[in-house]
Amino acid sequence: MRRPTTGRPAGPARGRRRPALALFATALLALVAGCSGAGALGAEDGVETVTVAIVSNPQMEDAITLSPEFERENPGIRLRFVTLSENEARAKITASVATGGGEFDVVMISNYETPQWAQNGWLTDLEPLMARTPGYDRDDFLPTVRDALSYEGRMYSVPFYAESSFLMYRTDLFAQAGLTMPPQPTWPQVADAAARLDDRARGGNTAGICLRGKPGWGEMMAPFNTVVNTFGGRWYDPQWNAQLTSPQFEQATQFYVDLARAHGIAGGSQAGFSECGTAFSQGNVAMWYDSTSAAGTVINPEDSKVVGKVGFVPAPVVATPSSGWLYSWSLAIPKTSPRVDAAWKFMSWMTSKQYIQRVGNELGWESAPPGSRTSTYESPQYQQAAGAFANTVRDAIVRANPQQPTVEPVPYQGVQFLRIPEFQDLGTRVSQQLSAAIAGQITPAEALEQSQEYATTVGESYQR
């Protein structure tokens, strides 16, 4: 199953910043020991070894499968991959890059880290490298993705793939119930449909909807934040005063918790992307709101029992015109790498139009990395393979608005995350409170009362 991720920024957060990310990295430095020495592998008999730290998911595994072709085309470069789980990758890559450890020549990061790390001076400016690479076509990247991976108008990482969020639903169950999914649903409409399609009280086994409830800033907080945004809630006002007990934030929280408890899957407080994906693909859920990266799975006969019975519509809204998130796994070169040219040669190969074409031709167009390039969506082969959802995904990515994710002004950027170093800890702490509310251990009001205290502490550091 293709696994998603988190959200978006594009420029420095306003207000004073503490060196929290560097402190976090220093605390995690011991984790890098398992990879120490990797970056020391250098030229041998005219061959440079480029060490690449990537996340272990299917898209990256495809890149490793095809990498011998790169080495044949570039006999002076040898690739060494360090594949890590998502959480482990974040910790080790952050620790290495922030402390100048030099273990990696290429790192896989996201639009959460890229602008922050570029501002800190940790990454190589890629603009000169792109400019001197024939046919690379920087302007072919989808504009929102390109901006998300930039700092002060210059790209410091390049996208491998990108995603947003949308609503997947069972067209057959809607038809049987006499329901019609609107082309742009609202959350109240979704809640009403979930109640009508949930047949468990009538002896069935179909839940109305799956929403993530598993704690984690990149798990539950991703979809939850989009709900907060479109209800008009915000984490902070422009003066960095925490707003988690505001009426809008409280309304969004009550709605999310009630919907997950009443019509979500059993054990919803521990349901993440994988759990929801399994339940939906096995035919046990009528709707699923999550990452657009799930589309390929739910239409794949090897993984899904609902092939041909799934529709796709944009993320539900309330008070905003759109609410889908924006996330991109991307490749960057740490400033400490002495092998910039060799590292870029590999990065430009892996993020090029030609690579996407190669994946499509050799591994199948449903495996082509989505969301990064305009040319992908203009490809007849890709449209044929992914036509059921391709344009919905592209439109969601293009419409994402990390600069103004909600109704009122905010001092931060990001849709499903806040692009501040502290959000990794803050988001996780708040998600633990909300997960407990979904489990029925505390009320939503109690969850927000504690969460407001966490957020206030972070906000005060930006007020000094």
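At what angle do helix 8 and helix 10 pack, and how far apart are their axes? Before I answer, let me say that this is a predicted model, in which local features need pLDDT of at least 70, side-chain atom pairs count only at pLDDT 80 or more, and totals for chains, interfaces and linings use all residues. Residues are numbered from 1 along each chain as its sequence is written, and side-chain values use heavy atoms, with hydrogens and water left out.

Helix 8, residues 187-197, packs on helix 10, residues 247-263, at an angle of about 15°, and the axes are 10 Å apart; helices here are DSSP runs of H or I with at least four residues, strands are runs of E with at least two, and both are numbered from the N terminus. Axes are lines fitted to C-alpha atoms, for helices over the stretch in contact, and the angles run from 0 to 180 degrees between N-to-C directions. That makes helix 8 roughly parallel to helix 10, where angles under 35 degrees count as roughly parallel, over 145 as roughly antiparallel, 65 to 115 as roughly perpendicular and the rest as oblique.

On the helix 8 side, the contact (heavy atoms within 4.5 Å) is made by Trp187, Pro188, Ala191, Ala194 and Ala195, and on the helix 10 side by Phe255, Leu259 and His263.

Staying with helix 8, its buried residues are Trp187, Val190, Ala191, Ala193, Ala194 and Leu197, buried being under 20% relative accessible area, exposed over 50% and partly exposed in between, with a 1.4 Å probe and protein chains only. Seen down the axis of helix 8, these buried residues fall within an arc of 165°, so they line one face of the helix. They pack against strand 7 (165-170), helix 7 (171-176), helix 9 (221-230), helix 10 and strand 8 (287-291).

Now to a second pair: helix 2, residues 58-73, and helix 14, residues 353-363, pack at about 105°, with axes 11 Å apart, which makes helix 2 roughly perpendicular to helix 14. Here Gln59, Asp62, Ala63, Leu66, Glu69 and Glu73 of helix 2 meet Tyr355, Arg358, Val359, Glu362 and Leu363 of helix 14.

Finally, a word on backbone angles: most residues other than glycine have a negative phi. Asp137, in the loop between helix 5 (127-131) and helix 6 (143-148), has a positive phi of about 60° although it is not a glycine, and at 32% relative accessibility Asp137 counts as partly exposed. Trp240, in the loop between helix 9 and helix 10, has a positive phi of about 65°, and at 4% relative accessibility Trp240 counts as buried.

Key. Arc of directions from axis to C-beta.
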